[in-house]
Each structure stands twice: as C-alpha cells, then as structure tokens.
There are 2 protein chains.
Amino acid sequence: MGKRATNPVVSIIDDDRSYRRWIEVTLQAEGFAVESYECGGEFLEVCPPDRSGCALIDLAMPGIHGANLLLEMRSRGFQMPIIFLTATADVAMTATVMRGGALDLIEKPCEAALLVERVREGFAVDCKTAADRGVIEKQSRRLAQLTARERQVMELVVGGLANKQIARNLSISERTVEVHRARVMQKMEVESFADLVARHVSFVSTAA
Amino acid sequence: MGKRATNPVVSIIDDDRSYRRWIEVTLQAEGFAVESYECGGEFLEVCPPDRSGCALIDLAMPGIHGANLLLEMRSRGFQMPIIFLTATADVAMTATVMRGGALDLIEKPCEAALLVERVREGFAVDCKTAADRGVIEKQSRRLAQLTARERQVMELVVGGLANKQIARNLSISERTVEVHRARVMQKMEVESFADLVARHVSFVSTAA
DNA sequence: TAGAATTTACGGGTTTTCCCTCATACTAAT
DNA sequence: ATTAGTATGAGGGAAAACCCGTAAATTCTA
C-alpha cells in the first residue's frame, strides 16, 4: 500500500536532444509533467512499469529500436499508452507498431497541437486502464487474504450452491461452511451475496 | 430467429480487377470463401452488416476512399475485422486507419503467405466477437421478454435487496414481488440467484 | 510451543423463499 | 361482450436456508 497513485507524466524517449527539448517545452506549456530519456535502455532502468501517464518514443534510436522498446515494455508490464514520433517510419513499420498496440504514430516534424491532443488522449486512456487496474488490484488483495479453504468455499458459494450442498460437496459439516462463508463476506468486504457474486464475476472477466 | 450463423467469408473490395483475381485465387486455394466488390458503394449495398468473416479493402479506390469506407462500415454496425491492402498508403494514412481499428495494413504487392496469415487472424478475431455478440443477443432477447415491472424487480433483485425491501421500495406487496421474481427466473432461464446476478453483471459490462 | 487454520457439535433464532387460495382491475384481442 | 393475458393484492402456512454463540478437537506451521 505505498502511494500507488503517482502523478501522470509524459515519458519522452528520444536521442535527438533539440527535438526532445521542443517536446518538453511544448508539453510543459500545456501543463504536462515530463521526463526525458536519451535511449530505451535508460528508460527501462529508471522508469517503474506502473508509472502512470504515457510515453512518447522516437522510432530510430541508437541502442534499442522504438518498435522493440514497445515489445520490451509490454513484456515488462508497462501498460501506459505509447505514442511514436518519428521521421524515419515507413508504412510497414507504422502498421507493425500500431498492431503492437501503439496509440498513434506521428511524423516529425509535427504540429504542437496534434502532439498535445494525442498526449491528452493518452492520459485519458491511461486513466481508464489505471482505474480498472486499481479495482482489480484491490480485489486481488482481498482475495489474497482468504485461506485456501475459504477460497474453495467462495467458489461454490458464487456458483449458486446452498450451504448444505457445499457441505456435502466438500465433505464437511454445514456449520463449518457457515463459518467460512461469514469470513469470506468479511474479507471480501461485501454486504450481500449479490455483491459477492458481482465482484467475483467482474473480476474473473476483466482479469482474464 | 433467422439463420444468424452464415459461413464466414472474405469480402474483397478493390477496383483493380486483376489484383482482385489474384486475391481470390490465393485465398480460395487456402479454403476461404470469397466475395468481390468493385467499390465501397457496391459492398455497402450488397453485404449485410452482420456478415461474419473479414474484409480486405483497397485504400485508393474511385468512389468511397478505403479509410472512409471503414468509418462508414463501423457506423453502420459492421463489426468484421478490416485488413487494408494498398500500394498508395503513406505513413499518416496508415496510422489513421490503424487508429480507426483496422486489423492491419499491407502494402501491395504482398506475399501470399502474409495475406493468408492476416485473413486467418481476422477470422479468429471475428469468431471471438461473434461469440460475444451471440451471448449478448441471447441475453437481450431474454431481457426483451420481461415486462416493465419484471425488469424493474430484477434490477433490485440483482442489487441484492430482499423481497421485503423490494416490496417497500416499489410500494407493492411482498407476494407480488415473489410472483415477478419467479417469472424473471423463468424468462431469464436461470436456475439460481447467483446465475441471475452473474448473467446480469457480465451483460452490462460487455454490452456497455 | 504458540498460533493460525480447519473442523465440528449443540442449540437456538431469524429470514427467506416458495406455494396456496381468492380476488380485483386493466388492456388487448376475438 | 367475452376471453386471455398481465399486473396487482391479502393472508397465511411450511420448508428451507441462513446466521450465530459457545466450546472444543485437530492439524500444520512458524
């Protein structure tokens, strides 16, 4: 439970110092917080994967190529939206990174207005996914509090079985099921059976 | 009611007759059913929006431009994956159509193997969305059978309220709630309260 | 060995669901 | 006008499910 909600920031990854500077100035003028990196390696070392905001990445960089950086970021759990900014892209590369889940690819030089608009969109997307992740994580933490048996009982409870049936199913007494069930309700922080089922269903559907 | 599950087909929309022919041959050799259209207008007129499969669209066509065809298709409810095949795309156009939800954009001329692979992917994607839509539609049809009052009662039931509370909430007798509740269970084709909640939750989350 | 976790019995209480009969009222179709 | 369907209600009864406190045994683990 550290401060999970750090302020969103635009991570700029571009080896071209002067262009990077232009991006920083442009975005800061719009009130965005920015952080700059000269290459993908530096970014991966410094930036935590759960950073909120979005990334602005140059495609053609020494070291890790932008397209590979995207893949590496995803495999490391970075979920922030990624916007590519490049002067060297061709159609095939553009299609590739977009298929890889990039938010957009913008050609250099680009209008400040377009850049700002995309970053705004990136923040909006990140906001939604962050909210989703927050819900999932909270539920995960609750779930982690359950003992193995309690989890087992919960599965059957949300499956719609009555205490009596659960008892027979697990070959334990009805009273025991009641005890576990009560604990489950407590630990999952729900008031009603309906809430328990709803939480469970939305969790397994979004987390899967 | 009608036969909803027509066989998946690749809709080819390209004004270049000889290239179209090559696509047809290539895909038919792999066992795909194909249908060809000379322009977007013809396609929109002839093809029903719930057609399953995927679309192969040329970008630069007389009449409707490919990028606009994508937008028009989406606004008309076409949900099939769209693959662009073009010789005239630039980076900006590629990014635009990919942002618009295209599955991929491939440059002409292209390898037969790549084309087939993408079409296969398109079919796979369509399969999943079609399955989802099937579930949603079935639930919608069940929902449509409910009377206004029954729907109202159901909302409160899945909200976790007891019959007594629902009765007070709607200012009707408990007995009446019971009647409605029983009908809801029948019409929604669920056995248990848990199933009702689960169906409801997954419906509102996927249909929204 | 202390402490969770798991289990159970006993005994009791509350709540909910489910079903019954009987009855009224409105609408739509025949 | 009659019939069918829908919605609504009263009042009550029986079965089932659920909830809880107390006390205690067992097992496994830190």
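This is a predicted model: local features need pLDDT of at least 70, side-chain atom pairs count only at pLDDT 80 or more; totals for chains, interfaces and linings use all residues.
**Figure 1. The relation between the two copies.** In general, a rotation about an axis and a shift along it relate two copies of a chain. Here, chain B is superposed on chain A by a rotation of 180° with 0.1 Å of shift along its axis, and the RMSD is 0.1 Å. The two copies are therefore related as by a two-fold rotation axis. Val91(B) is the residue of chain B that comes closest to the rotation axis, its C-alpha lying at 2.5 Å. Both copies use the same surface, as 100% of the contact residues of chain B recur in chain A.

**Figure 2. The crossing of helices α6 and α7 in chain B.** Helix α6 of chain B spans residues 148–158, and helix α7 of chain B spans residues 163–170. Their axes come within 10 Å and cross at roughly 130°, which makes α6(B) oblique to α7(B). The crossing of α6(B) and α7(B) is right-handed.

**Figure 3. The residues that join α6(B) and α7(B) in contact.** From α6(B), Gln152(B), Val153(B), Leu156(B) and Val157(B) meet Ile166(B), Asn169(B) and Leu170(B) of α7(B). The residues of this contact comprise five nonpolar, two polar and no charged.

Terms used
Residues are numbered from 1 along each chain as its sequence is written. Chains are lettered from A and ligands numbered from 1 in the order in which they are written. Axes are lines fitted to C-alpha atoms, for helices over the stretch in contact, and angles run from 0 to 180 degrees between N-to-C directions. Helices (H or I, at least four residues) and strands (E, at least two) are DSSP runs, numbered from the N terminus. Angles under 35 degrees count as roughly parallel, over 145 as roughly antiparallel, 65 to 115 as roughly perpendicular and the rest as oblique. A crossing is left-handed if the near helix is turned anticlockwise from the far one by less than a right angle, and right-handed if clockwise. Two residues are in contact if their C-beta atoms, placed from the backbone, lie within 7 Å. Ala, Val, Leu, Ile, Met, Phe, Trp, Tyr, Cys and Pro count as nonpolar, Asp, Glu, Lys and Arg as charged, and the others, Gly among them, as polar. Copies are superposed by least squares on the C-alpha atoms of residues with pLDDT of at least 70 in both.
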